[in-house]
Amino acid sequence: MYAQMIKSEGGKDPSEMTPEEVRFQARIDAGEKIEPKDWMPEGYRKTLIRQIGQHAHSEIVGQLPEGNWITRAPTLERKAILLAKVQDEAGHGLYLYCAAETLGVSRDDLTEQLLSGRMKYSSIFNYPTLTWADVGAVGWLVDGAAIMNQVPLQRTSYGPYSRAMIRICKEESFHQRQGFDIMMKMAQGTPEQKRMAQDALNRFWYPSLMMFGPSDAESVHSAQNMAWKIKINTNDELRQKFVDQTVPQAEYLGLTVPDPDLKWNEERGHYDFSEPDWTEFFDVLNGNGPCNNERMEARQEAWADGQWVRDGLMAHAAKKRARKMAAE
Ligand SMILES: [Fe+2]
Ligand SMILES: [Fe+2]
């Protein structure tokens, strides 16, 4: 029964597992959380460092397209809201770097991997925010897709990651609502504002669908991650859920989803929709999106600009240590 369960979930066959691995899998199957000092397979640790690290980088890089609009927000109220939202994203990055650090990697290490291109961040942030309506579309669609990805991760098996996700998801729903609220104002505004809202939806629709990643039905890797409860749903499941939730919202706004093949499928109880252009996805992932260079340059610059702060903190810590030793 146990063997069958693991096999059907796509993990390793128990006959190939060490006794430690069997015990580890049994804890996960029983819904227990794995904590930093617990034994864990090397693959589990590495996959989590990668996943949490890339998630942290995405939160930080994700501040850039919206930060771009803080000085140009149309009212003081909109500016305050956007400022709070962008600050939240910085906080998300920090919780996640801390969660990754519990796995034995340093934040400096992760940052260096980002800056050298060995670690990625979500490709969605390589698209520009050209108009104020884009800030609405980002909150509505991009934060909306992020929530879809992150809500199930609250149940992920790794304790620190799961707890970070619970906190992050609460703030993400505020982000999504503020985006939808901007879209509502624009869609009900002047014909020009409505046109801007439609244009933002046109440009952000497919990149948002890409946020769930390519279809993973075939991937062995993904099966192992599901058995470990690092991944809870397949990419296709989450994408479908996102489309089903978002299409009625677009209708409510009086906007048109830019997909002529989009239609409700009574039999499946879901919308049928067109796949995004996966060539574009891999192209952007490989560095050729409209803003890849700009984003990386901004991060490089921020890291270099912060050097004196890091140096100062280290010097202060060394002085304190020396003083303490002299007093002893
Ligand atoms: Fe976030
Ligand atoms: Fe967010």
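**Metal sites and helix packing**

Trainee: Does E172 count as buried or exposed?
Mentor: The relative accessibility of E172 is 2%. Buried means under 20% relative accessible area, exposed over 50% and partly exposed in between, with a 1.4 Å probe and protein chains only. E172 therefore counts as buried.

Trainee: What kind of model is this?
Mentor: Residues are numbered from 1 along each chain as its sequence is written, chains are lettered from A and ligands numbered from 1 in the order in which they are written, and side-chain values use heavy atoms, with hydrogens and water left out. Local features need pLDDT of at least 70, side-chain atom pairs count only at pLDDT 80 or more, and totals for chains, interfaces and linings use all residues, this being a predicted model.

Trainee: Which residues coordinate the iron ion (ligand 2)?
Mentor: Donors are N, O and S atoms within 2.8 Å of the metal (3.2 Å for Na, K and Ca), and water is not among the atoms, so sites may look incomplete. At 1.9 to 2.2 Å, the donors are OE, OD, OE and ND1 atoms, which belong respectively to E89, D143, E172 and H175.

Trainee: Why is the arrangement around the iron ion (ligand 2) classed as it is?
Mentor: Four donors count as tetrahedral if all angles lie between 85 and 135 degrees; four count as square planar and six as octahedral if opposite donors are over 155 degrees apart and all others between 65 and 115; anything else is irregular. The four donor atoms around the iron ion (ligand 2) subtend angles of 87 to 165°, which makes the arrangement irregular.

Trainee: Which residue coordinates both the iron ion (ligand 1) and the iron ion (ligand 2)?
Mentor: The iron ion (ligand 1) is coordinated at 2.0 to 2.2 Å by E59 (OE), E89 (OE), H92 (ND1) and E172 (OE), and its four donor atoms, with angles of 84 to 149°, form an irregular site. The two iron ions are 3.3 Å apart, and the residue that coordinates both is E89.

Trainee: At what angle do α7 and α11 pack?
Mentor: Helices (H or I, at least four residues) and strands (E, at least two) are DSSP runs, numbered from the N terminus. Axes are lines fitted to C-alpha atoms, for helices over the stretch in contact, and angles run from 0 to 180 degrees between N-to-C directions. The axes of α7 and α11 (residues 235-253) are 10 Å apart, and the packing angle is about 145°.

Trainee: Which residues does C169 touch?
Mentor: C169 is found in helix α8, where its relative accessible area of 8% makes it buried. Contact means heavy atoms within 4.5 Å. Not counting residues up to four places away in sequence, C169 touches Q150, V151 and Q154.

Trainee: Within what arc do the buried residues of α6 fall?
Mentor: In α6 (residues 107-115), the buried residues are L110, T111, L114 and L115. Seen down the axis of α6, they line one face of the helix, because their arc, taken over the directions from the helix axis to the C-beta atoms, is within 135°.

Trainee: Which helices are included in what covers the buried residues of α6?
Mentor: After α6 comes G117, with a positive phi near 85°. The cover over the buried residues of α6 includes α3 (42-61), α5 (76-101) and α13 (292-305).
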